[in-house]
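Subject: Structure for you to look at

Hello,

I am handing over the structure we spoke about. Please open it first, then read the notes below.

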Amino acid sequence: MTFFSSPIFLTLVALLTLLLTGLAGAGVVGRRPALASFFFTLLSLESLAIALSGLGPLVATSDTRLILPGGIPGLSFHLRLDPLSGFFLLLLGGASAGVLLFSAGYTKGEPPAKKAQFLAKTTVFLFFTGGVFLADDVYSFMLFWEIMAVASFFLILSGENTEGVRRASYLTLLLAHGGSLLILAAFALLATREIPSASLTMASFSFETLKQNHLASGEALLVSLLFLLGFGAKAGVVPLHVWLPLAHPAAPAPASALLSGVMLKAAIYGLIRALFDLVGLPQLTPSFGILLLVTGAFMALFGILHAILQSDTKTLLAYSSIENIGLILLGTGLGILYLKTGHPLAGTLALCAALYHALNHAFFKGLLFLGAGTMIHATGETNLNRMGGLFKKMPVSGALVLLAVLSISGIPPTNGFVSEWLLLQSTLQARDLSGTIQRSAVLFGAAILVLASALAAMGFLKFFGVGYLGQPRSDGAREAHECSLFERLGMGGLALGSLFLGLFPSLVLGEILKAVSPLTSTTLPRPSGAYGWAWLLPLPPAGPSTSPLFLVILLVILTLPVLWLVLGTEEKKRRLSIPWGCGYRDSSGRSQATAESFAQPIRHFFPVFFSMKRHLPSPDDPDPVFLLSVEDPHWPLLYRPLFRLFVAIAEGAERVRSGRISIYLIYSFTTLILLLSVLRWH
Amino acid sequence: MALDPSSSFHGPYGLAISLLQMTFVLFMAPLLYGWIGTVRAILQNRSPAGILQPWRNLARLFRKEMILPEGHSPLFLVVPPLFFSIMAVAALLVPFLGTSPPLAPVADAVTLVGLFSLARFAMAMAAMDLGTPFGDMGGRREMMVAFLTEPATLMILFTVSLWSGSTAIPAILASFSKGPLPFHPSLLIAAMAFILVFLGENARLPIDNPSTHLELTMIHEAMLLEYSGPLLALMEWGSMQKLLLYLLLGIDFFVPAGIPRTFALSGLLEGGLLLLGKLFILGALLALIESLFAKLRIFRVPEFTALAYLLSTLGFLLHFVLEG
């Protein structure tokens with residue numbers, strides 16, 4: 001294999017083509033706005049090329065490296081394309097192909113300058129996210145990571161220029177940078193533990209040398225925690241999630257789809273790479289696995305409960321992203337726990353399930369965010385309570401959103417069901433564990449997992465039922481219209497991806513396994529035989545099996561004749577009548593259930609998860625006001641006190657600033673004396 | 001070793017068995033409903049309409065014209081056939097005539113619960129399709145019941161699958177058939193949870209009253225309010241199948257004795273008779289429960305279902321603590 005046909009070179013070419021096309025497009029579209037659709041379509045095809053280039057190392061299980069000149073003295077750019085990077089590139093390319101195609105239609109009404117900006121921002125974001133997956137040394141990783149974070153800041157800012165949007169993007173940037181510092185600290189700790197620090201050079205910051213670290217067990221835990229918090233800030237790990245529900249509604253729909261579908265996964269990639277590859281499996285402990293498992297389980301429950309409470313379309317989706325990241329972390333934690341207690345098969349299965357869910361989430365959540373974008377464009381409203389009846393006005397995009405809704409609720413035969421099924425199967429391997437704490441932790445994980453999945457069904461029935469079904473709830477919803485062809489095509493692409501992931505799980509699992517088994521040094525047996533590919537059978541031969549494909553076939557075989565028997569033949573015996581509304585007709589649509597009415601039992605049943613303020617007027621109140629505000633408890637309990645503390649410290653520090661030069665001279669003089677005395681001591 | 005579960009389909013013989021299973025459930029479900037109604041009527045000093053009454057109702061509904069509400073979307077028409085077929089497909093997957101039905105590998109216990117969840121989601125969507133207050137209320141309340149009964153069902157299934165280590169239902173049954181079962185506290189707790197789940201999932205008293213149309217309390221009936229004629233018949237028939245399927249699952253996990261291993265003709269007859277006996281006893285018990293308890297206030301329902309969820313989790317835990 002020559003250099004020019006090596007997978008990593010082709011991947012780089014694909015990524016660079018995307019970047020250059022995007023930047024060229026940004027230059028051209030400003031003057032020739034009509035070309036925007038052309039450029040978005042081209043970019044979408046190039047994303048598919050990236051996905052293909054990621055599929056390469058998965059199929060061939062190749063592992064190629066490349067060292068490029070540049071970087072900093074003593075450390076040139078190390079790049080590496082292994083199956084894990086390939087998997088995430090596949091995720092990036094697949095999800096962004098649909099999103100970019102969608103953008104061609106979505107940005108139609110925007111001014112040319114904004115279209116150009118959006119082209120540039122998305123491609124820069126995608127290029128550097130791709131770079132994160134390829135980086136093989138600390139410097140290039142952090143460089144790509146930071147540019148990705150900054151690009152995401154600008155992506156969020158490309159929404160409307162309001163106070164809320166600015167605040168949301170600022171908070172995103174703040175937490176991202178806090179996270180980066182922690183990641184950097186973790187890298188530094190790793191680097192200094194590999195060899196005596198005297199010989200610490202720049203070259204010891206390549207991932208290859210970082211892997212040879214010798215951490216004491218306490219240090220390994222510290223480094224793992226730093227990685228968890230650092231990447232967690234970008235993945236939305238509770239309590240560092242507060243930027244997510246603000247940023248997603250602020251960004252335009254395609255940007256939210258990319259942030260949720262791709263960027264959160266980049267954080268997951270970072271975490272998995274850091275834990276399994278850099279810190280190394282031998283240095284991880286079962287207790288860290290349990291920590292990750294419990295964090296994930298808590299996030300899943302917290303995220304979905306808050307999602308059910310939201311009335312704003314995109315805030316709902318943002319909280320549900322927290323749930324899904326929680327499920328991914330739960331799977332990862334479970335994997336570590338099993339692997340470290342001598343159950344490699346179960347551990348591999350859990351990790352595969354986590355990655356499968358990451359891939360699924362990129363597709364169905366991308367689709368949902370795009371769907372939310374079409375809902376908002378069609379009605380001019382963002383609140384679910386002002387939508388309604390959209391399914392009749394937008395049947396195609398509505399049906400695509402319905403697919404994603406079923407999928408995120410973990411209902412068969414969709415892809416969301418497949419990954420939740422795999423996660424559940426891996427929790428059931430708990431009976432092989434020995435420790436009571438370990439077993440109880442996994443049991444707790446399983447119990448939360450099934451609860452979160454049932455709650456997701458409730459939350460997304462609300463999303464679809466209030467938004468798409470029923471009667472229009474506002475003038476905007478009454479005048480809604482189907483979205484443009486490009487938008488439907490983009491959503492259709494993501495839906496096709498989802499369908500494939502749902503109906504051919506065995507094929508997908510086989511490829512994911514190639515990314516996972518180098519990390520766990522174990523592989524799962526595959527179903528074989530003539531129709532082996534149609535079955536999901538992760539632990540043969542005695543293990544449970546399921547086949548979404550056969551299920552669909554059975555359902556179709558039975559439903560179609562019944563449908564035809566009941567509806568197809570008796571055209572004459574049908575008539576229309578007014579639906580029952582207690583004797584009168586409500587044409588305003590206001591007697592329908594509101595989004596809040598779905599949330600009410602949840603609020604009452606899980607009060608500890610919310611900070612609620614309620615004001616009920618007394619019966620003789622002349623001016624009665626009913627007030628209810630529900631908030632994320634992290635704001636009043638954690639962040640606001642923290643902000644107040646910072647302000648107080650800053651104000652205290654302000655007192656030393658008197659404005660007189662003589663005082664400042666005394667400050668400098670004492671500092672000098674102190675420093676000198678410290679030096680003398682050593 | 002060939003790892004292709006399709007090999008258990010058994011060609012035409014398997015097809016015959018599958019058709020037999022589906023026919024059994026399709027025909028038995030209304031009869032079981034009639035039996036429960038009869039026992040209920042006797043217990044409540046009313047004269048029963050006979051166990052054929054649900055069949056007569058269905059036949060009448062199928063003959064009737066279809067009155068469709070104004071402003072319905074295609075979803076409204078597609079859901080009843082889909083709901084009906086989901087239950088018919090589930091009838092192929094639950095073992096009751098023999099411990100391993102030919103199509104059982106298509107869905108393990110988790111997938112089966114997922115299928116029921118698809119049916120529920122579809123029904124709730126159809127209920128919300130028109131935007132009438134009752135439909136919305138029914139759909140919402142259905143999900144309020146389900147968000148705890150569904151995880152409880154899964155936890156019960158996990159508990160019974162702990163002996164076999166697999167959620168494949170035939171494997172669970174096989175693990176139970178190894179000699180007489182010793183007393184298992186976890187199974188007892190799981191069975192208690194299953195009764196609560198059963199009442200909640202099938203819209204029975206004390207969660208929901210199947211024979212009421214009282215606006216403030218109805219759940220299941222509120223979702224079906226706009227359906228009429230053949231579409232209503234499909235929904236009702238589907239619900240009857242669901243009740244029977246849940247009973248069959250309960251029999252599989254908690255009173256599995258006597259389910260034949262193979263589908264031989266003699267065993268089939270004997271096993272079938274035994275099964276009918278179990279169904280009649282359990283149906284009578286259900287009628288007794290429904291006659292003894294009053295309907296819960298709707299606000300109390302989550303407490304009831306939470307009890308089911310906690311019990312099922314406790315059963316799972318008990319297995320590890322006491323039996324593991």
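A compact globule of 682 residues would have a radius of gyration near 26 Å, and chain A has 27 Å, so chain A agrees with that expectation. Please keep in mind throughout that this is a predicted model.

Chain A

The C-alpha trace of chain A spans about 100 × 75 × 65 Å along its principal axes. Its secondary structure consists of 24 helices and 5 strands. Of its 682 residues, 56% count as buried. As for contacts between residues at least 6 apart in sequence, 79% of those in chain A join residues at least 24 apart.

Chain B

Chain B holds 11 helices and 1 strand. Taken along the principal axes, the box filled by the C-alpha atoms of chain B is roughly 60 × 45 × 40 Å. In chain B, 56% of the 324 residues count as buried. Of the contacts in chain B with a separation of 6 or more, 80% are between residues 24 or more positions apart.

Where the two chains touch

A helix pair in chain A

Helix H13 (residues 344-379) and helix H15 (residues 395-408) of chain A pack with their axes 9 Å apart, at an angle of about 140°. Because of that angle, H13(A) is oblique to H15(A); the roughly antiparallel class takes angles over 145 degrees. The crossing in which H13(A) passes H15(A) is left-handed. From H13(A), the contact is made by A:Asn360, A:Phe364, A:Leu367, A:Leu368, A:Gly371 and A:Thr374. From H15(A), the residues are A:Ser397, A:Leu400, A:Val401, A:Ala404, A:Ser407 and A:Ile408. The residues of this contact comprise 7 nonpolar and 5 polar, with no charged.

One loop residue

A:Thr285 is found in the loop between helix H10 (253-280) and helix H11 (286-309) of chain A. Is this residue buried, exposed or partly exposed? A:Thr285 has 15 C-beta neighbours inside 10 Å, and so counts as partly exposed; buried would take 20 or more, and exposed 12 or fewer. Which residues does A:Thr285 contact, leaving aside its neighbours within four places in sequence? They are A:Ser217, A:Leu221 and A:Lys340. By contrast, A:Leu68 is 217 residues away from A:Thr285 along the chain, and their C-alpha atoms are separated by 36 Å.

Regards

Notes. Residues are numbered from 1 along each chain as its sequence is written. Chains are lettered from A and ligands numbered from 1 in the order in which they are written. This is a predicted model: local features need pLDDT of at least 70, side-chain atom pairs count only at pLDDT 80 or more; totals for chains, interfaces and linings use all residues. Axes are lines fitted to C-alpha atoms, for helices over the stretch in contact, and angles run from 0 to 180 degrees between N-to-C directions. Helices (H or I, at least four residues) and strands (E, at least two) are DSSP runs, numbered from the N terminus. Angles under 35 degrees count as roughly parallel, over 145 as roughly antiparallel, 65 to 115 as roughly perpendicular and the rest as oblique. A crossing is left-handed if the near helix is turned anticlockwise from the far one by less than a right angle, and right-handed if clockwise. Two residues are in contact if their C-beta atoms, placed from the backbone, lie within 7 Å. Ala, Val, Leu, Ile, Met, Phe, Trp, Tyr, Cys and Pro count as nonpolar, Asp, Glu, Lys and Arg as charged, and the others, Gly among them, as polar. The radius of gyration is taken over C-alpha atoms; the globule rule is 2.2 Å times the number of residues to the power 0.38.
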